[in-house]
Amino acid sequence: MSSVLGTYARKAISFTTGKGSYLFTESGEKYLDFVQGIATNILGHCHEHLVKTIQKQSKKLWHVSNAFVIPDQERLAKRLTDNTFADFVCFQNSGTEATEASIKIARKYFHKIGKPEKNRIITFQGAFHGRTLAALFAANNPKHIEGFGPIVDGFDQVPFPGSHNKSKADHETIKDAITKNTAAIMVETIMGEGGIKVIPDFCLKGLRKLCDENEILLILDEVQSAYRTGNFFAFELAGIKPDIVPIAKGIGGGFPLGACLVTKKVSVGMTAGTHGSTFGGNPLAMAVGNAVLDIIFEKNFLQNVRKKGEYFQQELNKIKEKYPKVIGEIRGLGLMIGLKMLVDNTEFMKKLMNYKMLTVKAEENVIRLFPPLIVSNSELDEAISKIEAACSEMN
Ligand code: PLP
């Protein structure tokens with residue numbers, strides 16, 4: 001019997017090595033890995049630049065307290081702010097810590113400007129923001145919160161702002177949930193665990209407008225979508241600027257790293273002592289975070305991600321047309337993709353595993369595909385033929 005607490009329904013398989021888009025078992029079996037640590041190993045397994053960076057940094061310095069200036073932390077924060085809406089970054093170790101920090105920053109802002117009554121946050125059905133108590137009750141997923149009461153108050157939940165099929169988007173319904181106590185609206189730009197549901201651009205614009213009209217902050221959770229859609233952030237296409245953005249997963253390329261990006265205006269409450277993290281932003285994590293950015297900022301890198309995403313979605317759509325009883329819809333942006341299945345997603349994933357391809361599920365009977373951003377077109381073709389073979393079996 002395993003001594004590991006049984007909080008995961010683990011598959012009876014383990015891997016000993018990884019390279020790029022592939023994982024290998026001890027006996028040498030090769031799997032096409034489109035889980036990538038659930039959208040985390042954004043540059044694939046054991047990317048050369050990351051390996052070298054970790055080797056080099058591990059001989060210099062791993063960890064010092066945030067009581068001291070950490071030059072690589074300054075550098076990563078500068079690179080993140082120079083290239084985004086944000087003026088400041090606070091580093092964490094995970095997505096859930098980043099969303100938790102976002103909630104704290106929003107509340108502290110209104111406290112600081114003399115409006116402490118503005119302390120409630122509007123969230124959306126089907127959301128996922130992590131597993132701390134606040135993040136759990138923010139998302140309010142009945143499966144996740146059961147038995148973890150008392151309820152963490154401060155969240156008002158509304159239906160998802162806009163249908164993923166873009167025809168019924170109606171952020172207007174959110175208006176009714178706004179009160180004099182509303183501090184922020186928090187939503188994933190692309191709902192990940194909820195089933196790869198992309199918020200349409202006009203809806204994001206509508207949310208921004210609502211926030212501006214009602215003195216509310218906009219928190220866009222990009223923990224799963226940052227760097228992955230062929231844009232730095234998924235919301236950029238809508239041409240809007242949020243106030244706070246939590247990020248994690250891909251930004252560390254597989255090394256635990258989270259961050260919360262914030263504007264100068266909203267940061268005013270966060271003075272010395274208001275937040276902290278022993279590990280957050282340590283030299284080893286910062287070296288890796290900078291190394292990931294080195295690659296992301298390479299000329300045409302994100303543009304190529306966009307192209308690969310378009311190619312993959314186009315080929316997936318062909319399969320969908322061929323097997324309309326198996327796949328109902330292709331969702332997503334860039335290399336953050338969901339297959340809305342018309343057959344049982346778990347069964348389909350088992351078939352894919354027989355074809356040595358790893359995928360991860362989401363709500364709404366969706367299967368998520370997270371190729372690493374360095375995936376080649378021939379690896380995408382390999383995925384396509386495995387998916388097609390599974391479709392033909394389940395047709
Ligand atoms: N926010 C979103 C949108 C996520 O997808 C996740 C994780 O899946 C989290 C927050 C929590 O991140 P972590 O598991 O790193 O704590």
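Thr-84 counts as buried, because its relative accessibility is 17% and the cut-off for buried is under 20%. This residue sits in the loop between α3 and β4. The model is a predicted one.

- The side chain of Thr-84 has a polar atom 3.2 Å from the backbone nitrogen of Ala-86.

- By type, the lining of the second largest pocket splits into 14 nonpolar, 13 polar and three charged residues.
- Rolling a probe the size of a water molecule over the atoms shows where empty space is left.

**The ligand and its shell**
- Among the residues around the ligand are Ser-94, Gly-95 and Thr-96.
- Phe-128, His-129 and Gly-130 also belong to the residues around the ligand.
- Gly-95 has a backbone N or O atom 2.8 Å from an oxygen atom of the ligand.
- For Thr-96, a backbone N or O atom also lies 2.8 Å from an oxygen atom of the ligand.
- Phe-128 has a polar backbone atom 3.4 Å from a nitrogen atom of the ligand.
- On its own the ligand has 390 Å² of accessible area, and the protein covers 83% of that.

**Leu-257, a buried loop residue**
- Leu-257 lies in the loop between β11 (244–247) and β12.
- Why is Leu-257 classed as buried? Its relative accessible area is 3%, and buried means under 20%.
- Leu-257 and Ser-94 are 163 residues apart in sequence, yet their C-alpha atoms are 5.5 Å apart in space.

**Backbone angles to look at**
- Most residues other than glycine have a negative phi, and most peptide bonds are trans.
- Gln-36 is not a glycine, but its phi is positive, at about 45°.
- Gln-36 is in helix α1 (residues 36–39).
- Is Gln-36 buried or exposed? Gln-36 counts as buried, because its relative accessibility is 0%.
- Cys-46 also has a positive phi, near 50°, and is a residue other than glycine.
- Cys-46 is placed in the loop between α1 and α2 (48–60).
- With a relative accessible area of 46%, Cys-46 is partly exposed.
- Which residues does a cis peptide bond join? The cis bond links Gly-149 and Pro-150, with omega at about 5°.
- Pro-150 is in the loop between α6 (142–145) and β6 (155–158).

Technical notes:
Residues numbered from 1 in each chain as written. Predicted model: local features only at pLDDT ≥ 70, side-chain atom pairs only at ≥ 80, totals over all residues. Heavy atoms only, no water. Nonpolar A, V, L, I, M, F, W, Y, C, P; charged D, E, K, R; others polar. Near = heavy atom within 4 Å. Polar contact = N/O pair within 3.5 Å; in protein donor to acceptor, adjacent residues only side chain to side chain. Areas by Shrake-Rupley, 256 points an atom, 1.4 Å probe, with all protein chains shown as cover. Helix = DSSP H or I, 4+ residues; strand = E, 2+ residues; numbered from the N terminus. Buried < 20%, exposed > 50% of the residue type's maximum accessible area, 1.4 Å probe, protein only.
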